[in-house]
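Grab a pencil and work through these exercises on pockets, cores and domains. Try each task before you read its solution.

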Amino acid sequence: MAAQRGVLFQEKVSRLLSKQHGRPVLKPNKPLVLKDEVANRRVKRGGASCVTEISVLMACWKQNSFVESVCSVEMKAFYSCVDEAQVC
Amino acid sequence: MAASISGLLKPWTPRVFLVRWSRYNPYYLEPEVRKEAYIKPEAELSAEEKEQRELKSIRPIKAATNDVTSSVFSDPVISKFVGMMMLDGNKILANEIIAKTLENIKRKQVDKYHKAPEGMKEEIECNPYAIFHQALENCKPVVGLASIQKGGKFYQVPIPLSDDRRRHLAMKWIITECRESKHRRTLMYEKLSQELLAASVREGNVIKKKLEMHKMAEANRAYAHYRWA
């Protein structure tokens, strides 16, 4: 079924290009062939990840006046979140 | 990206033979310099490592740069620090400065060790490389600030940083601090050894700079949602 549709489509394209049916509708300057890769799209801006982790870490910092040794648990959670976000 | 390209490319021999260029065909593999990787006998290798060895016997390998050595004294972190400290390509001078710095650190620590009472002797770290790594670890910031434009204004947004970026920032801060805020007559290695020893116990100007960065990030935490918004 897909093959039939392909054939019909090719016939339609050749009709649009030919000069026997009045003026040709399509006048392509490049051959009508699909490339085997997609063009570079603008990178979609992803959502802000790890925002909760950052806010938890900063709350810990605020409480303990930025002493790092106390907030090691939150820091580990933050780093693991960052690693996961990087991977995906 | 290199993996997908290397699937399509075949190994080509260029007309000009690549000796130490930095741009290689992605087909080329990185050289393995460490001795430990080659000492392991056949039986102890896992399946992946066996595959890796197979690959290395087939594919071409990039030429190793002059920096990497298989000696026990070469440290990639220290090499990176030397490269960052180098000015006008004078790597010999940068290497000498770092060597003098490490020697200076060792001297000070051994001095402290001999003067310390019996109970405190074990706590004093005499290995200058360990002190360097500890100081670097203590100077690395956890979050950084990025300037993001939203609605015509630029906001300083706190973002997580990659490991490389954190290490780069720590090294850059140490070097800038030692270059700028020292007495005219103090030599670089002296100032560096002072800063590294202070940083390894979380004191000194570099640690202050890191804390300022953290405080700025904390002050701007409301903008954290602006990341790529």
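**Exercise 1. Give the volume of the largest pocket and find the residues at its centre.**

Step 1: The largest pocket has a volume of about 730 Å³. A pocket here is an open set of points on a 1 Å grid over the protein atoms alone, where a 1.4 Å probe fits, with protein on both sides within 12 Å along at least five of seven lines. The volume is the space filled by probe spheres set on the points, which are joined across faces, edges and corners.

Step 2: There are 29 lining residues (an atom within 4 Å of a point), and B:V33, B:T65, B:D67, B:V68 and B:P76 are the closest to the centre.

Step 3: Sort the lining by class: 10 nonpolar, 8 polar and 11 charged residues. Asp, Glu, Lys and Arg count as charged; Ala, Val, Leu, Ile, Met, Phe, Trp, Tyr, Cys and Pro as nonpolar; the others, Gly among them, as polar.

A note on the model: it's predicted, so local features need pLDDT of at least 70 and side-chain atom pairs pLDDT 80 or more, while totals for chains, interfaces and linings use all residues. Residues are numbered from 1 along each chain as its sequence is written, chains are lettered from A and ligands numbered from 1 in the order written, and side-chain values use heavy atoms, without hydrogens or water.

**Exercise 2. Work out which parts of chain B line the largest pocket.**

Step 1: Helix α4 (residues 76-85) of chain B gives the largest share, 5 residues. Helices are DSSP runs (H or I, at least four residues) and strands are too (E, at least two), numbered from the N terminus.

Step 2: Domain 1 (21-70) and domain 2 (75-226) of chain B each give at least three residues. These bounds come from an automatic or database domain assignment.

Step 3: The centres of these two domains, taken over C-alpha atoms, are 32 Å apart.

**Exercise 3. Describe the largest nonpolar core and follow B:I174 within the fold.**

Step 1: This core has 36 residues, with B:F81, B:M85 and B:I174 among those with the most contacts inside it. A nonpolar core joins buried (under 20% relative accessible area, 1.4 Å probe, protein chains only) Ala, Val, Leu, Ile, Met, Phe, Trp, Tyr and Cys residues through side-chain atoms within 4.5 Å.

Step 2: α7(B) supplies the largest share, 7 residues.

Step 3: Beyond its neighbours within four places in sequence, B:I174 is in contact (heavy atoms within 4.5 Å) with B:F81, B:L136, B:C139, B:L192, B:L196 and B:V206.

Conventions:
Buried means under 20% relative accessible area, exposed over 50%, partly exposed in between (1.4 Å probe, protein chains only).
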